[in-house]
Amino acid sequence: EANRKKAEEEAKATGKKVDEKAISSTTIDLSPEAKLIAGNFKANKGKLPWPVERGVVYSRYGVQPHPLVKTTTIDNKGVDFKTVEGAEAMAVFEGEVSEIMVHTPVNMYVFVRHGDYITVYGNLDKVYVKKGQKVAFRQKLGRVHTYLSGSTTIKFAVSQNLTTLNPEHWLHGF
């Protein structure tokens with residue numbers, strides 16, 4: 001979508017028609033500001049804070065046995081943290097909210113764009129930010145949902161363009 005908007009702005013400025021074939025759907029075309037943010041994000045690999053104030057790793061990135069059904073494996077595209085009731089998800093780096101996805105009323109996802117990197121915060125039952133909003137480092141994004149069982153778990157993921165990355169390589173303390 002960002003690539004489409006940029007192409008439309010360039011076409012409007014030059015009076016030319018938008019070349020639909022030239023708009024990439026697999027990489028984010030970055031402005032100079034977005035390139036700087038992406039570079040800063042990349043420079044902090046391995047140094048980013050966890051997306052919650054306190055917690056423990058519940059499910060790691062990659063293929064692993066299902067935590068409850070031992071005869072099944074799961075392919076986790078992020079990291080799940082168990083935390084305390086009332087915990088709030090916090091931005092691990094400055095950026096812009098690119099999407100808020102409502103899976104169910106108590107399972108919402110916030111996508112924060114950092115240049116061509118995106119961090120995802122899932123399993124939120126309340127969201128404090130809006131699409132297009134700039135967010136600061138450690139800004140509260142939403143409240144992590146607590147299930148009837150008493151379990152409070154946040155899902156966290158990192159990607160660059162369409163490539164899912166292992167969040168364990170980006171967060172401090174792994």
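1. The term covers a side-chain nitrogen of Lys or Arg within 4 Å of a carboxyl oxygen of Asp or Glu. R60 sits in the loop between β1 and β2 (62–65) while E168 belongs to the segment after β12, so this pair ties together parts that are 108 residues apart in sequence. Helices (H or I, at least four residues) and strands (E, at least two) are DSSP runs, numbered from the N terminus.

2. A word on what you are looking at: this is a predicted model, where local features need pLDDT of at least 70 and side-chain atom pairs count only at pLDDT 80 or more, while totals for chains, interfaces and linings use all residues. Residues are numbered from 1 along each chain as its sequence is written, and side-chain values use heavy atoms, with hydrogens and water left out.

3. Back to that first pair and its surroundings. With a relative accessible area of 42%, R60 is partly exposed, whereas E168 is buried at 13%. Here buried means under 20% relative accessible area, exposed means over 50%, and partly exposed lies in between (1.4 Å probe, protein chains only).

4. The structure holds 8 salt bridges, and two others deserve a look. One of them joins the side chains of D125 and R143 at 2.8 Å, N to O. This pair links distant parts of the chain, with D125 in strand β8 (residues 117–127) and R143 in strand β10 (residues 140–144), 18 residues apart. D125 counts as buried at 19% relative accessibility, and R143 counts as partly exposed at 33%.

5. The other is the salt bridge between the side chains of D75 and K77, at 3.0 Å from N to O. D75 is partly exposed, with a relative accessible area of 43%, and K77 also counts as partly exposed, at 45%.

6. Now for the rings: there are 8 aromatic pairs in the structure. The centres of the F41 and W170 rings are 5.1 Å apart and their planes stand at 25°, so this pair is stacked. Rings of Phe, Tyr and Trp (its six-membered ring) pair if their centres lie within 6.5 Å; planes under 30 degrees apart count as stacked, over 60 as edge-to-face and the rest as tilted.

7. Where do F41 and W170 lie? F41 is in helix α2 (residues 32–43) and W170 in the segment after β12 (163–165), so the pair ties together parts that are 129 residues apart in sequence. Both residues are buried. Together with F93 and Y117, F41 and W170 form one aromatic cluster.

8. W50 and F81 make another pair: their ring centres are 4.6 Å apart with planes at 45°, so the pair is tilted. W50 lies in the loop between α2 and β1 (56–59) and F81 in strand β4 (residues 79–83), so parts 31 residues apart in sequence are tied together. F81 is buried, with a relative accessible area of 0%.

9. Finally, a backbone point to check by eye. N123 has a phi near 70°, a positive value in a residue other than glycine. N123 lies in strand β8 and counts as buried at 3% relative accessibility. R138, again not a glycine, has a positive phi of about 70°. You will find R138 in the loop between β9 (134–135) and β10, where R138 is partly exposed with a relative accessible area of 25%.
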